[in-house]
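This report walks through one protein chain for a reader who is new to such pictures. Please keep the sequence and the structure in view while reading.

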Amino acid sequence: MERTIVAKAYDRYAQTVVRAAWHYTGNEQAAQDCAQEAFLKLLQHEDMTDEHILPWLIRTAVNAAKDITKSAANNMTVPLENAEYKVSENSEQQMCERAAMRAILSLDEQYRLPLYLHIAEERTIREISKIIGRNFNTTASLIRRGKKLLQKAYRKEEL
């Protein structure tokens, strides 16, 4: 694929791809590595239409993230939810953000990406179903169940 097309895709979708990978790794650096790998693979990809670039990038980055989480090197690290937070100012907003992050990370991975794409990226269920490779009704169910589980998890974090 042409470098200019990949550069435009990077400018447009890099943050979305990194955030999607983060939902599987829970680690910003690992998520950036996964996104970088996805964009490098896009350079090697021959033909792809504009409408398929974002779903393909997300799927490729998520697959790389899954590989990282399965690797032996990952087993030697401390999970994000067990890490101590170093915050200079312990404001109420920061406490809420940390509680929300822990609540999201406590969800099963099948709910994380669909919820992120639906809530943060404001994607439709149809778009999400194409990205994650599930049918429409399954995707809608994952989002509905994920929201309920997220509410329960967040309530636990607030206590």
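## A contact at the end of a helix

In this predicted model, the side chain of Thr25 reaches the backbone oxygen of Asn27 at a distance of 3.1 Å. Thr25 has its place in helix H1, which covers residues 3-25, and with a relative accessible area of 16% Thr25 is buried, because buried means under 20%.

## The chain as a whole

The secondary structure comes to seven helices and zero strands, so that, read from the N terminus on, the elements run α-α-α-α-α-α-α. Of the 159 residues of the chain, 36% count as buried.

## Pairs of opposite charge

Side chains of opposite charge can pair when their charged atoms come close. How many salt bridges does the chain hold? The count comes to three salt bridges.

One of them joins the side chains of Arg19 and Glu121, with 2.7 Å from N to O. Arg19 lies in helix H1, while Glu121 lies in the loop between helix H5 (109-119) and helix H6 (125-132), so the pair ties together parts that are 102 residues apart in sequence. Arg19 counts as partly exposed, at 34% relative accessibility, whereas Glu121 is buried, with a relative accessible area of 17%.

## Two further salt bridges

Lys41 forms a salt bridge with Glu37, and the closest N and O atoms of this pair are 3.4 Å apart. Both Lys41 and Glu37 lie in helix H2 (residues 28-44), where four residues, or about one turn of the helix, separate them. Lys41 counts as partly exposed at 37% relative accessibility, and Glu37 also counts as partly exposed, at 35%.

Another salt bridge is the one in which the side chains of Glu127 and Arg123 meet, at 3.9 Å from N to O. Glu127 is partly exposed, with a relative accessible area of 33%.

Which residues form a positive surface patch? The patch is formed by Arg144, Arg145, Lys148, Lys152, Arg155 and Lys156. Among them, Arg144 lies in helix H7, which covers residues 136-158, and Arg144 counts as partly exposed because its relative accessibility is 46%, which falls between the limits of 20% for buried and 50% for exposed.

How values were computed:
Residues are numbered from 1 along each chain as its sequence is written. This is a predicted model: local features need pLDDT of at least 70, side-chain atom pairs count only at pLDDT 80 or more; totals for chains, interfaces and linings use all residues. Side-chain values use heavy atoms; hydrogens and water are left out. Patches are made of residues with over 30% relative accessible area and no salt bridge: like charges are joined within 9 Å, nonpolar side chains (Val, Leu, Ile, Met, Phe, Trp, Tyr) within 5 Å. Accessible areas come from the Shrake-Rupley method with a 1.4 Å probe; for residues, only the protein chains shown count as cover. A salt bridge is a side-chain nitrogen of Lys or Arg within 4 Å of a carboxyl oxygen of Asp or Glu. Lys and Arg count as positive and Asp and Glu as negative; His and the chain ends are not counted. The place of a charge is taken as NZ of Lys, CZ of Arg, CG of Asp or CD of Glu. Helices (H or I, at least four residues) and strands (E, at least two) are DSSP runs, numbered from the N terminus. Buried means under 20% relative accessible area, exposed over 50%, partly exposed in between (1.4 Å probe, protein chains only). A polar contact is a pair of N or O atoms within 3.5 Å; within protein, one must be able to donate a hydrogen and the other to accept it, and residues adjacent in sequence count only if both atoms are side-chain atoms.
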